[in-house]
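Here is a short briefing on a structure. Look over the sequence and the coordinates, then read the points by topic.

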Amino acid sequence: MAIMISIPAGAIANQESTLSLTENLGSTITQTEASINQTLTQIDCTLTPSFEGFGFSPPDSGSGSTPPDFGGAVPPSSGSGNFTPGQFGGGSLPGQFGGGPFGSGGTVAMNETLYSDIASIENVAAVAAVLQASQGENQTMTSPDGRSFTRIVPEYVIEGIQLTSDLVDNYPILPSNITSGRNLQAGDDGVTLLSEENAVYFGANVGAELEILGETFEVIGIHGSSGVEDRTTLYMNLSDAQSLTDNNGYITSLQVFAENSEAVSEVANSISDLHPELSVSTSQQRLEELQALQSTYTTALESAEASVSQMQNTAFGEIVVAVAATSLIVLFVMLYTVRERTKEIGTLKAIGFSNWAVMSQFMLEGVLLSSVAGVVGIAIGSVAAPALSGLLLPTVAVLGGAGTFGRVASMGSPATVSITPELMVIALAAAIALGTLGSLYPAWRASKTRPAEAMRYE
Amino acid sequence: MSEPVLKIENLSKSYMLGKREVLVLSDFNLQVNTGEFVSIMGPSGSGKTTLLNVLGCIDKPTSGQVLLDGVDVTKLPEGELYKIRRNKIGFVFQTFNLLPYLDARENVELPMETTKKSKSERSQRARELLKMVGLSGREDHRPQRLSAGEQQRVAIARALANDPAIILADEPTGNLDGKNKREIVSLLANLNLDQGTTIVMVTHDGHVAAHTERRLFLHDGKITKEKQGLHLAKKKSVCPFCSNQIQTNEIFCSSCNKKLDD
């Protein structure tokens, strides 16, 4: 019985965790696709003084951040180049050259005026200055493989964007998915566009006066997350963000838009020539990165799905075995009982019990026995289910890629086995049903016992 | 007194032993009247138990009739037979056959379980019967806490529960020592004398059979001899030797001092 509850409990838990994993992966893939489309002509420029910024492995910065958790609230940004949000007021400030107290971990504040020449590079259509800063806290976590690491769990990310009518109208600098209120417009001042998560976090709705870091903003609208990066991002005018975070004249990245996708690499090279200190990431590179990422995700998803179906098969097989075993155990126990008590049954029949009375007696006994077994099994199962299901079921082994993927994969493994009241009822019902099934034949045998058996001398 | 409670006519019973047919009872006739105490004696294999099983409706005869209280039980289906066993017959087994997990009173109540009697009636009846067999105050003892003799008393009380027309006892003293043996036989004899209970008892013990008024000797499925026992004399309260008055509980005649026993 314990096994009977553990397997489904474990299977359900595993399945749920794997399903949520596949769901995560699925949405990540969708978001990645969205990012790919958005960033066709986009070139991101960030200042990375002491390291090479590459790929999706965020550098170990002063704030002690580690690779972000893909399943977490804030996945690594793939559009803006700000991999790791910094902590407000905490950690050392990488941007020694002019950054305010509001820093960001992997990104360095750039003096806005130093890069005004980028706009005049040939084939550059537009340049959007962006200041991104995040407010969060350090959190020490233990990964499933036993290593502990610290990461910053951002509470919200402030993104200040240059709100010129050209940029707002023609380039994907703002979120596209507005769920209530309106989007930011050119010339907006003193207003902010919250994400849905921000709205919950602040408890603010459209039209509300919201105080952020001591300044009051009107909530102009709420955006649903349209990309991987903006679930906790609130948007406002660049100058508002600069003064709010005491970063006047500083930005964290420049989003450069090429005239067309053919010109992208040329523009990127020109920027690099002009400002070698900048880390330039073109949509081409990003596209490749995103595509690689997407293919990894897809493989992981397939592997997870295969894993789920494999586990379902295993669980199904094990349940069948458990059910068969349980019925057989009841059958044999009851047969043995009937055999053992042949004389008693004979006596009962000799003193006037009908076949039916004898049969129902033994049925009742079998059902009672299995009900008790069911309750005991559920009790043991409730305690031992995680261990038992760990033994009985394969763990969800999702493609164990390096770094971030290892973590994605590990999300599925420590399945939290939850035994719901529903499952208990089902298990108990199954126990009783199997008890009835297993008692049927022995009880019938008992009822057919000849009363003369009572005369056997022993 | 002289109405036949049990009438057996031309009864035959054979078993198939492998491919060989074994005739246990052949053309057996017997009439037992109300209030009689009959013992059936015979060597093992003579068909005693088979006869009792057929009488008790727990085995079907090959041919012939068994009229119990005027009803031919050989023609009844199993669905009806259990009612006959419950209401007309009380069984006493050699091995007592009490249910070990029930106490004395519950064991006695068992045959009444499927009758219309209410729980309190059953309980009341069980207490009365246990008192009658001399087990007052032991109602809540389980079988393992009772001596063999006491267990057989419980079994006798159980056999009487539904006020049956006949008690069938299969070697009721077979598992008892001398003292208990005498007590159980006296109990049965007194039941017969005081309550007029009709009893058919199978035994191979002559001393036990001596207490009965009719002694049948069975050999190879036929009655070979029939004797009158002391019991009849006791019933008439007359010493068979000197014809003086005797008491039912006496072992020796108070007048001629002869042993009132075979």
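In what order do the 4 strands of the open sheet in chain B run? The order is β2-β1-β4-β5 (chain B), and the pairing is antiparallel. This is a predicted model, in which local features need pLDDT of at least 70, side-chain atom pairs count only at pLDDT 80 or more, and totals for chains, interfaces and linings use all residues. Residues are numbered from 1 along each chain as its sequence is written, while chains are lettered from A and ligands numbered from 1 in the order in which they are written.

**Chain B: content and sheet**

- Chain B holds 8 helices and 10 strands. Helices (H or I, at least four residues) and strands (E, at least two) are DSSP runs, numbered from the N terminus.
- Of its 262 residues, 47% count as buried. Buried takes 20 or more other C-beta atoms within 10 Å of a residue's own; exposed takes 12 or fewer, partly exposed lies in between, and C-beta atoms are placed from the backbone.
- Take the contacts in chain B between residues at least 6 apart in sequence: 62% join residues at least 24 apart. A contact requires C-beta atoms, placed from the backbone, within 7 Å.
- In the open sheet, the order is β2-β1-β4-β5 (chain B). Strands pair if DSSP finds at least two bridges between them.
- Strands β1 (residues 4-17) and β4 (residues 63-68) of chain B run antiparallel and are joined by 5 bridges. B:Glu9 sits opposite B:Gln65 in β4(B).

**Nonpolar cores**

- The largest nonpolar core has 87 residues. Such a core is a set of buried Ala, Val, Leu, Ile, Met, Phe, Trp, Tyr and Cys residues joined through C-beta atoms within 7 Å.
- Helix α8 (residues 355-392) of chain A gives the most to this core, with 7 residues.
- B:Val108, B:Leu168 and B:Val200 have the most contacts inside the largest core.
- Beyond its neighbours within four places in sequence, B:Val108 touches B:Ala126, B:Leu129, B:Leu130, B:Val154, B:Ala157, B:Arg158 and B:Ala161.
- Another core, of 51 residues, lies apart from the largest one; A:Ile161, A:Leu174, A:Tyr250 and A:Ile271 are among its members.

**Strand β6 of chain A**

- Why is strand β6 (residues 191-195) of chain A largely enclosed by the rest of the structure? Because 5 of its 5 residues are buried.
- Both faces of β6(A) are covered, with A:Val191, A:Leu193 and A:Ser195 buried on one side and A:Thr192 and A:Leu194 on the other.
- β6(A) pairs in the parallel sense with strand β8 (residues 215-223) of chain A, over 5 bridges. A:Ser195 stands opposite A:His223 in β8(A).
- With strand β9 (residues 233-237) of chain A, β6(A) pairs in the antiparallel sense over 2 bridges. There, A:Thr192 has A:Met236 as its bridge partner.

**Helix α10 of chain A**

- Helix α10 (residues 421-447) of chain A has 27 residues. From first C-alpha to last it reaches 37 Å, close to the expected 39 Å, where the expected span is 1.5 Å times one less than the number of residues.
- α10(A) bends by about 35° at A:Leu440, and A:Pro442 follows within four residues. The bend is the angle between axes fitted to the seven residues ending there and the seven starting there.

**Where the chains meet**

- 18 residues of chain A are in contact with 20 residues of chain B.
- On the side of chain A that touches chain B, α7(A) gives the most, with 5 residues.

Terms used
Two residues are in contact if their C-beta atoms, placed from the backbone, lie within 7 Å.
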